[in-house]
Amino acid sequence: MPATLALKHAALDLVVGYAGLISAVSSIPNGSVTEVAPASYARQAVTWGTNAAGAKENSNLMTFPATSGSATYRYVGIWSASTGGTLWFVWDLGEDFDYDASHQPVIPIGALDLDTNRTTT
C-alpha cells in the first residue's frame, strides 16, 4: 500500500538527530554498530532541509572536533540523542577514512539524504 506524500513528509518531519561516525556494522536492523571514540569525539547535530517530494537532505555542514587520538570510520549514523540514544539510519561511505590530528571529518551539506521513495538500501 503506497503512502501519500503528506504522510511521507509528516514522517520525515519527525526525524531529528545527531550524526556519528561508525567503524564497524554488525547488524543495521538491530542497531548493532561500533561507534568511533577517539579523544574529544562528539556526535554532531543534524539540521534537515525542507521536504521535497518525500525526501530531504542535511542542510548544515558538520565538522567533528579535532582529536589527539585516532580512529578509522566507514559509516555515518544518525542517532536520536547526542550520547546514547537509538540508532536510526546508517550510510556506507564505501571506503575507510582516518580520523586523527591530521584528518578532521566533515560531512558536507546535502551528503545525508532521507528518501521515503527509495525501495532499496
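This is a predicted model: local features need pLDDT of at least 70, side-chain atom pairs count only at pLDDT 80 or more; totals for chains, interfaces and linings use all residues.
Local features need pLDDT of at least 70, side-chain atom pairs count only at pLDDT 80 or more, and totals for chains, interfaces and linings use all residues. Residues are numbered from 1 along each chain as its sequence is written, and side-chain values use heavy atoms, with hydrogens and water left out.

**View 1. Confidence along the protein chain.** Mean pLDDT (the predictor's confidence in each residue, from 0 to 100) is 92. Of the residues, 97% score at least 70. Among the elements (DSSP runs numbered from the N terminus: helices, H or I, at least four residues; strands, E, at least two), helix H1 (residues 5-13) has the lowest mean, 87. Strand E3 (residues 44-45) has the highest, 97.

**View 2. The hairpin of E1 and E2.** Strands E1 (residues 18-27) and E2 (residues 32-35) run antiparallel, joined by four bridges; pairing takes at least two DSSP bridges. Ala24 stands opposite Thr34 of E2. Four residues lie between the strands. In the turn, Gly31 has a positive phi of about 70 degrees.

**View 3. Lining of the second largest pocket.** A pocket is an open set of points on a 1 Å grid over the protein atoms alone, where a 1.4 Å probe fits, with protein on both sides within 12 Å along at least five of seven lines; lining residues have an atom within 4 Å of a point. Strands E6 (71-79), E7 (87-99) and E8 (106-107) each supply at least two lining residues. E7 gives the most, three. The lining includes Leu21, Tyr73, Phe97, Asp98 and Ile107. By class, 11 lining residues are nonpolar, none polar and one charged.

Notes:
Ala, Val, Leu, Ile, Met, Phe, Trp, Tyr, Cys and Pro count as nonpolar, Asp, Glu, Lys and Arg as charged, and the others, Gly among them, as polar.
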